[in-house]
Amino acid sequence: QVQLVESGGGWVQVGGSMRLSCTASGQTSRTHNMAWFRQAPGKEREFVARIMWNTGNSYYEDSVKGRFTISRENAKNTVYVQMNSLKPEDTAVYYCNADKYIRDPPQGSWGQGTQVTVSS
């Protein structure tokens, strides 16, 4: 499978911005949909954003629409999520995901996660 490593997490003020990166290695393929999920303490992992390999179309969870933007640079095997107007509810461990399919529950390859903490 694809190996994924997230970076860019940390602490940020409410209303601030942060950009997360996910770099793929190993047996990578352009025919993988890339996505971001997050998991807050005591809560289930939830979908955040996805970018499709074939069309490049992006999809977002309702609470992040207009604030988060997912993008990719295929030559660098990297996917990003730009997060603006951050709220305390955005605090979570963020995970990168790569999969050839959209499945429930989500499967495929996962990164180790990166912590994002939003506070005043």
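A residue is called buried when its relative accessible area is under 20%, exposed when over 50%, and partly exposed in between (1.4 Å probe, protein chains only). By that criterion, buried residues make up 40% of the 120 residues in this chain. The model is a predicted one, in which local features need pLDDT of at least 70 and side-chain atom pairs count only at pLDDT 80 or more, while totals for chains, interfaces and linings use all residues. Residues are numbered from 1 along each chain as its sequence is written, and side-chain values use heavy atoms, with hydrogens and water left out.

The chain has 11 strands and zero helices; here strands (E, at least two residues) and helices (H or I, at least four) are DSSP runs numbered from the N terminus. With a radius of gyration of 13 Å, close to the 14 Å that the globule rule gives for 120 residues, the chain is as compact as a globular protein of that length. The radius is taken over C-alpha atoms, and the rule is 2.2 Å times the number of residues to the power 0.38. Along the principal axes, the C-alpha atoms fill a box of roughly 40 × 30 × 25 Å.

Four strands form an open sheet in the order β1-β3-β8-β7, with antiparallel pairing; strands pair if DSSP finds at least two bridges between them. Strands β1 (2–7) and β7 (68–73) are the edges, each pairing on one side only. Within the sheet, β3 (residues 18–26) and β8 (residues 78–83) pair in the antiparallel sense over six bridges, and Arg-19 has Gln-82 in β8 as its bridge partner.

Tyr-94 touches, among others, Leu-20, Trp-36, Phe-68 and Met-83, not counting residues up to four places away in sequence; contact means heavy atoms within 4.5 Å.

The structure holds one disulfide, defined as a pair of cysteine sulfur atoms within 2.5 Å. This bond joins Cys-22 to Cys-96, S to S 2.1 Å. Because Cys-22 lies in strand β3 and Cys-96 in strand β9, the pair ties together parts that are 74 residues apart in sequence. The torsion about the S-S bond is about -85°, so the disulfide is left-handed. Cys-22 is buried, with a relative accessible area of 0%, and Cys-96 is likewise buried at 0%.
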